[in-house]
Every structure is written in structure tokens, then in C-alpha cells.
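Reader: I'm new to this one. Could you walk me through how to read it, feature by feature?

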Amino acid sequence: MSTDAAAIGGMGRSIKRKEDARFLRGKGRYIDDFKLPGMVYMDIVRSPYAHATIKSIDATKALALPGVLAVITGKDLDAAGLAWMPTLMSDKQMVLPVDRVVYQAQEVAAVIATERYIAADGVALVEVDYEPLPPVIDPFKALEPDSPLVRPDRDQKTNHIWHWEAGDAARTDQIFQSADVVVKQDLYIPRIHVCSIETCGCVASFDKVEGKLTIYMTTQAPHAIRTVYSLVTGIPEHKIRIVSPDIGGGFGGKVPVYPGYVIASVASITTGLPVKWIEDRSENLQADSFARDYHISAELAAKSDGTMQALRVKTLADHGAFDAAANPSKFPAGLYSIITGSYTLEAAHVEVDGVYTNKPPGGVAYRCSFRVTEAVHTIERMVDTLAQKLQLDPADVRMKNFIPPDAFPYKSATGWEYDSGNYPAALQKAMDKIDYAGLRREQAEKRARGELMGIGISTFTEIVGAGPSHTFDILGIKMFDSCEIRVHPTGSAIVRIGVQTQGQGHETTFAQIVAEELGLPVDNITVEHGDTDTAPYGLGTYASRSTPTAGAATAVASRKIREKAKKIAGHLLEVSPDDVEWVDYKFQVKGVPGRSVTMKDIAFAAYTNFPQDVEAGLEAVDYYDPPNLTFPFGAYICVVDIDRGTGAVKIRRFVAVDDCGNIINPMIVDGQIHGGLTMGMAPALFEAITYDEDGNIQQSNFMDYLLPTAMETPVWETDKTVTPSPHHPFGAKGVGESATVGAPPAIANAVVDALSHLGVTHLDIPITPWKVYAILEAHGVAEG
Amino acid sequence: MTQHVTITINGQPFEADIESRLLLVHFIREVANLTGTHIGCDTTSCGACTVLVNGTPAKSCTLFAVQADGAEISTVEGLEQGGKLHPIQEGFFEEHGLQCGFCTPGMMMTSVAFLKDHPNPTDEEIRRAISGNLCRCTGYVNIVKSIQYAAKKMRDDQAAPTPAPAVTEAEAVR
Amino acid sequence: MIPDNFTYFAPNSLPEVWDLLRQHEGDAKILAGGQSLIPLMKLRLASPAYLIDLRNVPGLTTLEEHDGSLVIGAMVRESHLEQSPLIQARYLGIYEASSVVADPLVRNFATVGGNVAHADPANDHPAMLLAMGAHITAQSPRGTRTMSLDDFLVDTMETALRPDEVLTDIRVPRPLPHTGSAYIKLERKVGDYAIAAVGTMITLDGGVCSRAGIGLTNVGPTAIRARQAEAYLVGKQPDEATVREAARLAAAAAEPVTDLHGPAEYKRSVLRTLTARALRLAVQRAQGGGGQ
């Protein structure tokens with residue numbers, strides 16, 4: 001067996017993806033591809049009203065339709081104690097309402113039928129009599145004393161959910177009082193939708209003979225779901241199997257437990273048949289997978305030379321009718337307190353208040369690592385606002401205030417310990433690559449001619465890899481992750497992990513980790529995950545946590561194997577294990593390269609010729625409790641041109657320099673960045689979910705909610721710096737969400753920059769052509 | 001209100017009595033059991049359902065199966081021939097043109113038809129050609145590279161053809 | 001996502017179509033490309049009990065010049081129109097309108113006839129065809145009728161087509177020498193409907209505008225013909241000031257509403273920009289010499 005690096009295919013190599021074999025042939029196994037014997041179909045009746053009493057539900061006509069087997073309502077679930085379920089944020093959520101609906105498109109009843117098309121016909125025949133109630137739509141009005149209550153089921157009769165804060169209020173206020181300069185800005189980061197191309201769904205199958213419930217589910221966190229299911233239904237956990245097969249994009253939208261999963265499970269238990277439920281896009285866009293929706297008031301205090309001193313932020317978080325966000329339990333506002341960003345600040349104080357409204361649950365961790373998009377957007381806009389106020393170049397202000405490279409590990413003003421970073425190097429690289437100085441010259445020339453171009457910078461610090469058990473848990477379950485490796489006699493291996501890919505390439509990257517650590521060719525390593533019957537317990541993939549947690553577990557498990565392998569090596573080489581060293585993917589006698597054995601040799605020996613003081617076999621498992629989060633970072637620079645006749649913004653160039661520490665597979669990381677940048681551009685320019693005053697959603701399908709095509713998406717230019725994480729077993733950080741976090745403010749900053757000479761200081765996203773045109777008209781520079 | 005149809009998919013005929021309202025995509029997925037063609041929306045916006053109908057790329061969610069009675073459909077399952085990947089599949093593999101894989105079959109079918117008429121496309125022409133296919137994962141950069149890879153491979157194969165096996169099914173239906 | 005059921009016919013001749021329309025009067029819809037109708041049916045916003053598919057009816061896919069007119073058969077697919085050398089050579093505005101209908105996949109099946117007959121003010125062809133002075137041909141058992149596109153478009157989703165008539169073709173007068181046309185659409189992304197769009201046609205005679213056509217998309221209950229702007233241009237040299245004034249008049253003729261595509265006043269402003277740009281382009285092409 002060759003042990004040269006190319007044959008091994010380990011760390012740092014752009015190995016082509018193993019999972020592509022099935023996807024390229026149309027042999028992926030997504031939820032809607034499953035066809036179990038006797039399977040029936042479920043479709044959902046949904047409320048047209050945002051807030052209403054249910055006076056009656058008449059399923060007579062539906063039940064009379066040939067092929068309709070059952071209609072399930074809240075009353076049916078209530079009898080089994082399942083009308084409500086816990087959320088991941090320790091709130092509770094209706095599975096099906098007994099007497100009140102609290103958001104438009106809320107699930108009201110479910111039709112079970114023999115055919116998909118009959119189930120749809122059945123839904124159209126269910127008659128629900130609603131009495132509309134005044135909806136609570138404005139989150140500020142929701143806090144007024146005379147506001148209707150969204151959640152009369154709660155003990156506290158208020159729409160206020162919780163208050164959370166971080167940092168030092170007294171010290172921050174003190175600095176603000178005496179600061180040379182204070183800039184203030186209100187920002188709104190609108191509600192948006194995940195829109196993975198595959199919607200949510202499941203096939204629930206209860207085996208009456210075995211008493212076992214198997215659910216194939218679009219879920220990013222199968223084990224946590226299994227535990228919650230067991231606690232809620234009373235079915236013992238070993239009799240529940242959750243399987244995440246292939247998932248067509250998750251991005252955080254497939255973490256929460258949606259009512260459809262639970263109803264389908266109940267339907268399967270009662271009918272004894274497998275029940276498939278898959279959403280239409282319209283259902284998906286109206287009822288689940290919502291994120292953001294933060295109303296922010298930010299202030300930044302600084303010295304007149306541009307030295308930033310303190311940050312003060314108040315935020316109203318619109319959570320919809322249930323707090324069903326997926327945040328670690330002590331962090332109802334996620335990791336929002338990373339809001340001090342890449343900068344040294346003496347003090348900061350951040351407050352967030354969560355509020356209920358008559359909208360579907362929001363706050364899904366949509367490619368934002370728990371509210372980091374909101375945090376980074378705020379600080380990056382504030383830095384530019386300060387720069388504009390002081391008439392300083394925004395790149396200079398950043399360089400001046402960056403946490404210096406020698407200050408790491410760095411304790412931020414809100415208590416995070418950043419593991420490593422080199423912000424000046426990343427920004428300088430981006431500036432050189434895009435010729436920042438040249439762009440500023442060009443901008444000056446164009447301005448003189450009345451042409452509008454802007455340059456926007458975003459230098460973000462991300463915070464990923466939740467997280468250490470002393471601080472992080474979801475519903476009490478600590479946020480470790482896991483890996484189990486078993487090496488077969490002929491030198492190939494099977495690896496099972498507790499995380500769950502939805503396109504990130506784990507079958508390849510995790511094989512690469514093991515290949516690197518064990519010196520076995522990457523092609524000989526199979527990675528499995530997603531089946532709770534076989535995979536070790538993990539908390540799943542979201543918040544860019546897989547490499548920091550399960551990746552670390554994989555390395556540690558591999559090293560446990562190497563420890564044992566060393567003993568077998570000594571046995572084979574007839575020396576003491578202390579005289580054996582691991583070099584170039586081989587065990588060799590110290591200083592004697594000619595005398596070596598490969599892991600393949602060891603594997604065979606582990607079953608045929610092992611020393612008396614070790615067990616047979618070659619396997620290990622590790623549950624990794626990360627000592628800290630990891631802090632990837634980046635420097636993005638965006639150039640925009642504005643059409644004075646239409647207000648349309650065109651991204652001319654976008655350079656992204658990312659640092660995620662040591663990289664497993666550069667090709668895959670690049671792909672993640674491209675996708676993340678596109679998902680960051682979308683809310684900056686195109687996407688927003690809005691509701692009218694009656695709570696009607698304004699974007700209920702892809703005609704109205706605008707996903708960028710290849711024509712609107714620029715050619716992303718990517719580069720990297722490498723600043724390893726000192727605490728991670730192979731120095732890696734997460735990266736999947738960096739670009740979604742870093743891109744929106746780069747674009748927003750670019751547009752404001754294009755208009756700053758007119759006195760414009762801020763624009764909320766999405767930056768629509770009419771927003772820009774109104775500004776141009778107001779300043780007399782619109783064409784036409 | 002049922003109709004008898006015969007629809008050939010990847011060279012294989014499928015006969016069935018179906019409702020007129022059965023969407024072609026459901027015929028492909030559930031009558032012919034070819035689940036490589038996917039459904040991503042309900043407003044003809046995403047292109048995940050793209051197949052070739054008599055060689056022309058079509059969003060199969062916006063056609064009734066009865067409209068395709070007698071037609072020859074090509075889907076992703078028909079791209080590989082005799083154990084050999086189609087250049088478009090090879091391109092997507094080599095250039096990391098897919099991540100979750102859900103939009104990929106539709107993306108590839110659009111590309112196959114496009115490259116037939118545009119063997120030497122510019123990147124801009126490619127982006128235009130795939131503007132009816134949405135991807136959420138890749139940001140399109142590598143998809144464009146994948147299609148360029150396939151274009152080059154097909155031009156090279158044309159210039160120095162290897163001994164031809166039997167005509168591929170995919171070509172036979174055009 | 002799942003439509004109501006219906007009975008499907010794919011007749012082989014126009015008389016068979018007429019017969020079916022008569023038999024199922026009020027409950028039947030013509031199916032052309034289906035790219036507007038089928039999405040409506042999937043959302044159950046339309047549930048015709050009978051669908052009459054035109055795909056096997058001969059004679060509806062003509063695309064040729066004939067007796068001084070361009071004849072576009074009702075079932076000509078958008079992609080066919082877009083790829084036609086004849087259209088690219090002499091009817092650039094129609095080419096440009098076709099190339100921005102929905103997306104390339106939809107264009108493989110969407111038909112020009114459908115785009116016109118659906119009478120959605122957001123559809124692209126009507127404005128361009130209005131600017132080019134198009135007429136439609138409708139055939140029924142009672143005979144053949146032609147009318148101007150102006151008269152054909154009655155209101156949103158409503159045309160002057162009678163229940164027993166089938167739109168069979170659209171005719172555009174062959175452009176005179178020194179004619180240029182253009183279609184410019186402002187959309188936020190490919191596949192979206194227009195925020196606003198403008199189709200223009202200009203004929204020059206000795207440097208002076210002798211004929212002008214201006215059609216506006218998605219800024220009123222139907223496509224709008226900006227007649228005042230057209231009249232203003234005739235007899236004048238299309239210099240910058242004239243073009244700007246015509247653009248202003250065209251925008252004034254619009255009836256935009258505020259919706260997801262933007263505020264009404266924004267659309268009106270943008271119309272000025274787009275009309276000016278489309279006029280400049282049409283003039284440039286007219287000056288190029290050929291009928292384009």
C-alpha cells in the first residue's frame with residue numbers, strides 16, 4: 001500500500017467527493033424518494049388567518065372521498081396529550097390547535113389518504129369555521145399594555161418572552177458619557193427564509209409488531225430529535241429510530257421539529273401504516289424555516305482619532321408565535337454578543353428582548369451560527385458609520401481598531417475568548433487583491449463625473465463550534481459531538497459520526513481526517529451518519545459546528561487507534577512500543593526508516609497477530625467536548641455600481657478572503673464560500689419576508705420571494721489566510737456560514753459608500769432599486 | 001377521467017392509465033419510479049424537475065403526463081451509458097459542481113441540451129442558459145466550471161473520437 | 001401543487017377544437033404552452049373541467065413574412081422566436097421581448113399566442129407588439145376575424161376573443177426601411193415579472209421620425225400604448241430633448257400601482273428612464289439603415 005500523501009488523500013487535499021457517485025446518477029435518497037410498502041400520504045389543512053378562534057372543523061366531505069383514511073385534528077392529538085410539544089428553546093408549540101390559530105398557514109388538520117393527489121383533494125374538502133381575532137403583527141405594539149395576547153396559554157400574560165443581556169452596562173454607559181464621538185444607528189434585519197431547494201418532510205413508520213417507530217426525516221440533528229420524541233411520546237428511546245437520509249440543503253431550516261413530523265408519526269402509530277409528508281414550496285415558505293427579524297438600536301462611542309471604545313445595543317427580537325428557534329439553552333439570542341466583532345473595545349453592553357407576534361415561529365439559525373449574521377451586520381455598519389462621521393477611510397478605521405495578532409487568545413468585552421486571529425493580514429490581502437487604492441482613485445474620478453460607485457468592507461469574526469459543556473446545551477443535552485471508527489482486517493475502515501451533512505461533503509472530508517490520522521487511503525474509508533440506530537450520539541450539523549466538534553472527535557478517536565496500533569507495531573517490529581514513532585503515515589523504529597509497518601499491516605495483525613496485552617480489533621470512539629468555540633474570520637470587499645436611471649445596484653466585484661484555520665479540503669471550502677456569499681447577497685439585495693397588518697404573508701412562493709439565479713450572482717473571487725485554532729486537534733475552525741455572515745454588510749456598506757457623498761449614512765437591507773432611487777431623486781441626481 | 005399513455009423514458013417505454021392531471025414529474029418519479037428528477041417549488045421557478053422532452057429541456061412539473069404521451073423523455077438516470085459517465089456528470093464531479101445534489105439532475109439536463117447547440121460557450125452564455133435552474137448551495141461558480149469542463153471534453157472527444165459504441169440512448173431520442 | 005382533475009383532449013384540427021369549445025362552453029380552456037395556465041391550475045386558482053390542447057392542430061406554428069406582414073402562429077414557442085434569424089434580423093424588439101419572457105426553460109414551451117391571449121399585463125409581448133402595430137387573427141366556425149391588438153386587449157386577463165374563437169396568429173407589418181425597434185425590461189431577477197418594461201419602434205424618414213410606437217408593460221390593467229408620446233415624436237428629429245419629452249409623456253400615460261415590484265411613483269420614474277433608453281436604441285437601429 002502506498003503511503004505517499006497523494007495516495008492517502010488526507011488533510012489539505014482537494015479530494016473529489018465520494019458522495020457524488022449517487023447524486024450524479026440521480027440515485028440520491030431524499031425523503032420524497034422513499035416508497036415503503038403500504039405507504040400512505042399526509043397533507044395539511046392550514047389557517048388562512050394569522051389569529052383566529054376555530055369554531056368548528058367539519059371533515060365529513062373529506063372523509064367521504066374514496067381514498068381518504070383519516071382526518072386528524074387538534075382534538076384528536078389532545079386526547080393523547082400531544083396537541084402541544086416542547087420547543088428547543090423550552091417554550092411549547094402547538095402541534096395542532098384545539099381552539100385557536102396563531103399564525104397564517106398554521107397547521108390546523110391533517111388528511112391521510114392512499115394517494116398523494118387524494119390527500120390534496122381531501123385538504124380542499126375540510127371545512128373550518130374560523131372567527132378572526134385581531135392579529136399582533138408589529139413587535140413594538142406587541143409590548144404595549146393593551147395589545148392582544150398571542151399566547152394566553154402562558155402563565156405570564158404578556159407578549160414579552162424573555163430579556164437577555166451581556167457585557168458591562170455600567171462601564172459602557174460611563175464611557176459613552178465622556179466619549180468624543182458617539183454614532184447611533186437603528187437597523188432592521190428583516191425576516192428571511194432558508195429556501196433549501198428540498199422542502200421539509202418525513203416518512204414515519206410505526207412497526208406494531210416491534211413497537212418501533214422509524215422516521216425518515218429531513219433533520220440536521222437526528223439524535224436530539226430522537227431524545228425529544230421519546231420524552232414527548234413516552235416511546236422508549238431504543239424503540240425510536242430517526243434516519244436522516246440525503247438532505248437537499250438544510251442551512252438551519254431543518255433543525256426544528258415541525259408539527260408535520262409529529263402529526264405524521266401519530267398518523268403512523270394510529271393507522272399502522274408508513275405515512276409520508278412532504279411540504280409544497282408554498283407551505284414551506286409560509287409556515288417554517290424563518291430566520292432573522294431583529295430590530296436593532298446600536299451606538300458606538302469613540303475617540304476623535306477613530307479609536308473605538310464602547311458599543312451599546314438594544315434589540316427587539318420578533319420570534320413569531322412560538323419561541324422555536326434552535327439556540328443553546330442559555331442563549332435565547334444565540335451568539336449575538338459576538339457583536340463587538342474583530343475590534344478591541346473597552347466595554348460593551350448588549351440587550352435583547354424576545355417578543356411574540358402572530359407570525360410563524362422565527363429565529364431559525366439560518367446559516368448564521370446563532371444570530372451572528374445580525375451581530376456582524378450591526379458592528380460592520382457601525383464601523384462604517386463612524387468612519388463616515390469622522391471622514392476617515394473605513395479600511396483605516398478597521399486596521400486601527402483590530403485586535404492585534406499577538407493579543408490572542410483574546411477576551412472580548414462580552415466574555416468570549418477568541419482562539420486565534422490575524423485580521424490585518426486578511427484585510428491587507430483582500431485590499432491588495434482588489435487594488436483598494438486604485439478603486440478609491442476610480443471612485444473619486446467617477447464621482448466628479450456624477451457616476452455612482454461604492455466600495456464596502458466587511459471584516460468579520462465568526463463564532464462556531466458550539467460548544468463547551470460548561471456553557472452550552474440544547475434542552476439540557478450538552479453540545480459535544482462524536483465519532484466511532486472501526487478498522488477492518490484488510491485495512492479499510494468504517495467511520496460513524498454524530499453530525500449530519502446536507503451538502504457539506506462529510507463523506508469525503510471526515511474520511512480525509514481519518515486518512516490523515518491513520519495513514520489509510522481515503523478511498524478505503526466509508527463515512528456514515530444520520531441513522532440514530534448506528535451513529536454515535538451527536539448534536540448534529542448547524543452553526544458550522546461539524547469540523548470543530550465531530551471533526552475533533554474524529555481526530556481524537558483516530559489517535560486512540562494510533563495509540564493501540566503503536567503497541568501492535570512494536571509487536572510486529574519486535575521492539576518496545578516506546579521505540580516506535582509515527583512518521584510519514586507509517587510506524588517506524590525510531591531513526592530507522594527502513595524498518596516500518598503501515599496501518600494496513602497493523603489492521604491485519606489486530607485480528608491475526610496481536611500482542612497478549614491488547615484486545616483484538618482496531619476501533620475507538622470519542623465524544624469530544626470542545627474546550628472552546630473556534631473563531632473563523634474574514635475580510636470581504638465589495639464593489640458596486642449604481643444605475644442612476646433605475647436605482648439598480650450591480651455588484652461589479654467581490655473579493656472574499658476567509659480564514660478557517662487548517663483546511664481539510666480546499667475545494668469543498670471554496671464551494672461553501674461561494675454558496676454562502678450567494679446566500680449573503682440574497683438578503684442584501686433581494687429577499688425579505690413581510691406581512692401586512694392582517695398578518696398575511698406577502699411572499700408565499702418563488703414568484704414573490706426572489707432567489708438569485710446564475711445571472712444575478714457575480715463571479716465570486718475567493719482567497720484565504722490560515723490561522724490555525726490552537727485548541728482544535730488539527731487546528732481547524734468551522735467555515736460553512738462565514739460567507740453568509742460576512743457578505744451582507746460588505747454589500748450594504750458598498751451601497752452606502754456609493755451614496756455617502758450625498759449625505760446618506762445608512763440603508764437597511766434588502767437594498768431594493770426603489771430604495772436607492774428615492775435617495776437619488778431626493779438629492780437631485782436621478783437620471784430620467 | 002383516466003387516460004392511457006405510453007411515455008418512453010431513457011429508451012424504455014412506460015404504459016399506464018393515469019389521471020389527466022398527473023404532472024409529468026410525478027409520472028417520472030412514481031409511475032416509472034425514477035426519482036432522480038426532483039421537485040423544489042410549485043410555481044415553475046426552480047428547475048429541479050428539468051428533463052428533456054424529445055430533446056428539449058422542460059420543467060416537468062409544468063407539463064401534464066398526458067401532454068407527453070408518445071414522447072421520448074431523457075432524465076438524469078439515462079446519462080450514464082455502459083458504465084461510462086456522461087461528460088456533464090464528469091464535469092460536475094471534477095469541478096465540484098454539486099453540494100447537496102438536489103438541483104443537480106435538473107442542472108445537468110439543461111446543460112446537456114445547451115451544450116448540444118453551444119459546444120463552445122462563454123461563461124455568460126452558460127449563466128444565461130441555467131438561469132431557469134436555482135441552486136442554493138453552490139453559488140453557481142463551480143456549476144459554470146463544470147459545464148465548461150464538459151464542453152471541452154465533448155469538443156475533444158469530437159475531435160479525436162474513440163471507437164464508437166452503440167449510439168447512446170440519450171442521443172437517440174433527439 | 002396538485003391541480004383539480006379535468007378531462008384532456010388533444011384534437012387534430014381546428015374544427016375539432018371548435019366542436020369541443022361548443023360542447024363544453026364555459027368549462028373548457030385552451031392549452032397552448034401551459035406555462036401560465038398550468039401554474040394557475042396547480043395553485044387551484046383555475047380549475048377548468050376540460051382542457052383542449054392545441055399541440056396537434058396543424059398550421060399554428062408559422063413564422064414567416066407573408067404579404068407585407070410577419071405572421072407569428074399562435075403556437076410558435078418563445079425559444080423558436082428567440083432563435084429565429086428572421087426575427088433577429090428585422091424584428092429586434094420582438095427578439096428582445098421574447099428573450100426576457102420568464103426563463104430559458106419556460107421559453108421552450110411557452111407560446112407567443114399564449115403570452116398575448118392570457119392578457120396578463122405583466123406579460124412582455126403585448127407591449128412590444130402594440131408598439132409595432134400588431135393585429136391578431138381569430139378563427140371560429142363563423143369565419144375569420146382580425147382586429148388590432150389594441151382592440152384585442154380589453155382588461156386584465158380579459159380579451160375580445162369570443163368563447164368559440166381560437167387565436168391563430170399575430171401579424172406585424174413588415175417594417176419600413178430605417179425602422180428600429182427595442183424592448184427593455186427592468187426586472188430584479190431572471191424569471192421575475194417586470195418592474196416595468198418598454199417596447200419602442202421608430203421609423204425615420206430623412207432623419208425625422210415618421211412613425212413611432214411605444215408600449216408599456218406591467219404599469220396598467222393591460223399593456224399600454226403611449227399614444228401621446230407617439231404623436232409627439234412624429235414629425236420631429238429624435239434628438240435628446242425630444243426623446244426625453246417623449247419618455248416623460250409615455251410615463252405619464254402609465255397607471256402603475258404599488259406592489260411587490262415597487263412603489264407606483266418609482267415605476268413611473270423608471271418608465272421615463274426605460275422609455276428614453278428604448279427610444280435611443282430604436283433610433284440608433286433605425287439610423288443603421290435596415291428595418292430592425
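## Reading the model

Author: Happy to. Let's start with one residue: C:V100 sits in the loop between α5 (92-98) and α6 (104-107) of chain C. Keep in mind that this is a predicted model.

Reader: Which residues does C:V100 touch, leaving out those up to four places away in sequence?

Author: With those set aside, C:V100 touches C:R107, C:D124, C:Y183, C:K185 and C:E187.

Reader: What about the inside of the structure? How should I read a core?

Author: The general idea is that in soluble globular proteins, nonpolar side chains tend to be buried together. Here, the largest nonpolar core has 136 residues, and A:Y336, A:W416, A:F654 and A:L755 are those with the most contacts inside it. Helix α19 (residues 738-755) of chain A contributes the most to this core, giving 11 residues. There is also a second, separate core of 88 residues, which includes A:F206, A:L285, A:I689 and B:V76.

Reader: Let's zoom in on A:F654. What is A:F654 in contact with, leaving aside neighbours within four places in sequence?

Author: Its contacts include A:Y636, A:I637 and A:C638, along with A:L677 and A:V715. Also among them are A:W716, A:E717, A:A743, A:A746 and A:I747.

Reader: Now the chains. How do I read an interface?

Author: The size of an interface is often given as the accessible area lost when the parts come together. For chain A and chain B, that is about 4400 Å², with 56% of it on carbon and sulfur atoms. In chain A, the residues that lose the most area to chain B are A:L24, A:Y117 and A:I197, together 19% of what that side buries. By residues, 55 of chain A are in contact with 47 of chain B.

Reader: How many salt bridges are there between chain A and chain B?

Author: Six. B:R136 and A:E687 make a salt bridge through their side chains, at 2.8 Å from N to O. The count of residue pairs in polar contact between chain A and chain B is 26.

Reader: Which elements give two or more residues to the side of chain A that touches chain B?

Author: Those are α2 (20-24), α5, α10 (281-287) and α18 (666-685) of chain A. The largest share comes from α18(A), with nine residues. Sorted by class, this side of chain A has 24 nonpolar, 16 polar and 15 charged residues.

Reader: You mentioned α5 of chain A. Is that helix mostly covered or mostly open?

Author: Mostly covered: helix α5 (residues 116-125) of chain A has eight of its 10 residues buried. Among the buried ones are A:Y117 and A:D121.

Reader: How much area do chain C and chain A bury between them?

Author: About 2200 Å², 60% of it on carbon and sulfur atoms. C:R188, C:K189 and C:L260 supply 30% of the area that chain C buries against chain A, more than any other three residues. The contact takes 25 residues from chain C and 28 residues from chain A.

Reader: Last topic: how do I read backbone angles?

Author: Most residues other than glycine have a negative phi, and most peptide bonds are trans. In this model, A:S90 has a positive phi, near 60°, and lies in the loop between β4 (84-86) and β5 (92-94) of chain A. B:H96 also has a positive phi, of about 55°, and is found in the loop between α2 (87-94) and α3 (104-117) of chain B.

Reader: Are A:S90 and B:H96 buried or exposed?

Author: A:S90 is exposed, because its relative accessible area is 59% and exposed means over 50%. B:H96 is buried, because its relative accessible area is 1% and the cut-off for buried is under 20%.

Reader: And which peptide bond is cis in the run-up to A:P409?

Author: The one from A:F408 to A:P409, with omega near -5°. A:P409 is in the loop between α12 (394-401) and β18 (410-411) of chain A. The peptide bond from A:I765 to A:P766 is cis too, with omega near -5°, and A:P766 lies in the loop between α19 and α20 (769-778) of chain A.

Terms used. Residues numbered from 1 in each chain as written. Chains lettered and ligands numbered in written order. Predicted model: local features only at pLDDT ≥ 70, side-chain atom pairs only at ≥ 80, totals over all residues. Heavy atoms only, no water. Core = buried A, V, L, I, M, F, W, Y, C linked by side-chain atoms within 4.5 Å. Buried < 20%, exposed > 50% of the residue type's maximum accessible area, 1.4 Å probe, protein only. Helix = DSSP H or I, 4+ residues; strand = E, 2+ residues; numbered from the N terminus. Contact = heavy atoms within 4.5 Å. Buried area = accessible area lost by both parts, 1.4 Å probe. Salt bridge = Lys/Arg side-chain N within 4 Å of Asp/Glu carboxyl O. Polar contact = N/O pair within 3.5 Å; in protein donor to acceptor, adjacent residues only side chain to side chain. Nonpolar A, V, L, I, M, F, W, Y, C, P; charged D, E, K, R; others polar.
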